[in-house]
Amino acid sequence: MRFDFNTIPDRRGRDAIAVDGLGDGSGFAPAAPMDGFDSIPLWVADMSFATAPSVTSAIHERVDHPFFGYYEASDAYYQAIIDWHRTRKDVSDLVREHIGYENGVLGGVVSALNVLCSKGDNVLVHSPTYVGFTAVCNANGYKLVHSPLVLDVEGVWRMDFDDMERRIIENHIHAVIFCSPHNPCGRVWERWELERAMELFERHDVWVISDEIWSDILLDGHKHIPTQQVNDWAHEHTIALYAPSKTFNLAGLIGSYHVIYNTWLRDRVDKEQSLSHYNSQNVLSMHALIGAYSEEGAAWTDELCQVLSKNASYAYEHIRDKYPGVTCARAEGTYVLLADCRAWCDEHDVSYDEFPHRGWAVGVTWHDGALFECPGFVRIAVSVPYSQVVEAFSRLDKFVFGVSEARF
Ligand SMILES: Cc1ncc(COP(=O)(O)O)c(C=O)c1O
């Protein structure tokens, strides 16, 4: 490996809610561990890996020119995005005018909803559901209608197209928040699935907000197909949202973007997102993106995906082989695994509320599935060095699923 994904960083006191945000009483963060256990950050979706060296050198270079006045996004910024989408996502028709800055993907989701819906409108999502969608829709007066994903006989999460259609018709739905790859289920949708979903959305005039923030994190050779590339209808009826933040661990720098091909739709979203005057890029974040979406950044991403594939496989196989009563689908993209612990809880007479605490007590800071509309599940972000993944599961063996239950 050319890059370091093995060092366990000490992020304490260094602006990281993953390590300093435990036990804040918000209901979002896990509880702090018992004395004697350090915490292994497996909850909030960031990584215990330093970002790519090409990102830090781009920022350093810019800081060495100590002028930070008003500026316009540069040609290099747009070109970096266009090249990244061409080389990593096989997109050949993206040009500068299709790209628009967004502070965050979730903010972009809200701007898109404000264009496509009236307040109080119903919006389709799949469940389990990324907690951020729930939060921003509730905060902005949109009602989520959940269509459950279902596990097929091979243990793969699939869309239930009949259920989606029924809910669209019954609830007069004309907008969907489509998560691709899917957080928290870890699915990288196949072409036939995307085609069926888009045919369904076209049939019922459902405009698509496609959150593709995870589209660079692909495990075991899975390929991401951008929603807009599925067919001509999807090309013109989709607002797609991207960011370097998941891939390069840059959430704290702020900086995302949308891709919209349809001129009317793009003008509406650009207008909507401009209204607050808060949606402006930081110059260091622009240079971070240029450093990220570079050849060296691509090499780093390839290695990252190898590391995460190994971590995710270890976690999946460990759960499958050692924890009767717990089921988990193999993650194809993202770095999160969703483990269904309901049967184990039922058998051991442990409530779904209490169960996550058993891991938190010993520093396994997985995320409570209740936040993702699936109580009794836990979401495990394996974006830590491999040795910490192994350590987390050894604690689970011993203190949660194994012989030491008595201590709770
Ligand atoms: C699917 C998805 N969308 C959006 C976000 C957050 O994006 P942002 O911080 O750019 O709003 C996350 C973060 O985990 C995510 O998983």
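A salt bridge, as the term is used on this tour, is a side-chain nitrogen of Lys or Arg within 4 Å of a carboxyl oxygen of Asp or Glu. Keep that in mind for the second stop.

Before you start clicking, note that this is a predicted model, in which local features need pLDDT of at least 70, side-chain atom pairs count only at pLDDT 80 or more, and totals for chains, interfaces and linings use all residues. Residues are numbered from 1 along each chain as its sequence is written, and side-chain values use heavy atoms, with hydrogens and water left out.

**Stop 1**

Where they are in contact (heavy atoms within 4.5 Å), domain 1 contributes 28 residues and domain 2 contributes 33. About 2,600 Å² is buried between the two domains, with carbon and sulfur atoms giving 60% of that area. Buried area here is the accessible area (1.4 Å probe) that two parts lose on being put together, summed over both.

**Stop 2: across the interface**

Now show the side chains of R88 and D302. They form a salt bridge, and their closest N and O atoms are 2.8 Å apart.

Next, select α12 (295-322), β12 (336-340) and β15 (377-381): each supplies at least two residues of the side of domain 1 that touches domain 2. The largest share of that side, 10 residues, comes from α12. Helices (H or I, at least four residues) and strands (E, at least two) are DSSP runs, numbered from the N terminus.

**Stop 3: the ligand**

Which residues surround the ligand? Select A45, G104, V105, L106, Y130, C179, N183, D211, I213, W214, K246 and S256 to see them; each has a heavy atom within 4 Å of the ligand. Zoom in on three of them. A backbone N or O atom of V105 is 2.8 Å from a ligand oxygen atom. N183 places a polar side-chain atom 2.8 Å from an oxygen atom of the ligand. On D211, a side-chain N or O atom lies 2.5 Å from a nitrogen atom of the ligand.

**Stop 4**

Most residues other than glycine have a negative phi, and most peptide bonds are trans. Stay with N183 and look at its bond to P184: this peptide bond is cis, with omega near 15°. P184 sits in the loop between β7 (175-179) and α7 (191-203). Another cis peptide bond joins S127 and P128, with omega about -5°. You will find P128 in the loop between β3 (122-127) and α5 (131-139).

Finish at D90, in the loop between α3 (75-89) and β2 (99-102). D90 is not a glycine, yet its phi is positive, at about 60°.

Conventions
A polar contact is a pair of N or O atoms within 3.5 Å; within protein, one must be able to donate a hydrogen and the other to accept it, and residues adjacent in sequence count only if both atoms are side-chain atoms.
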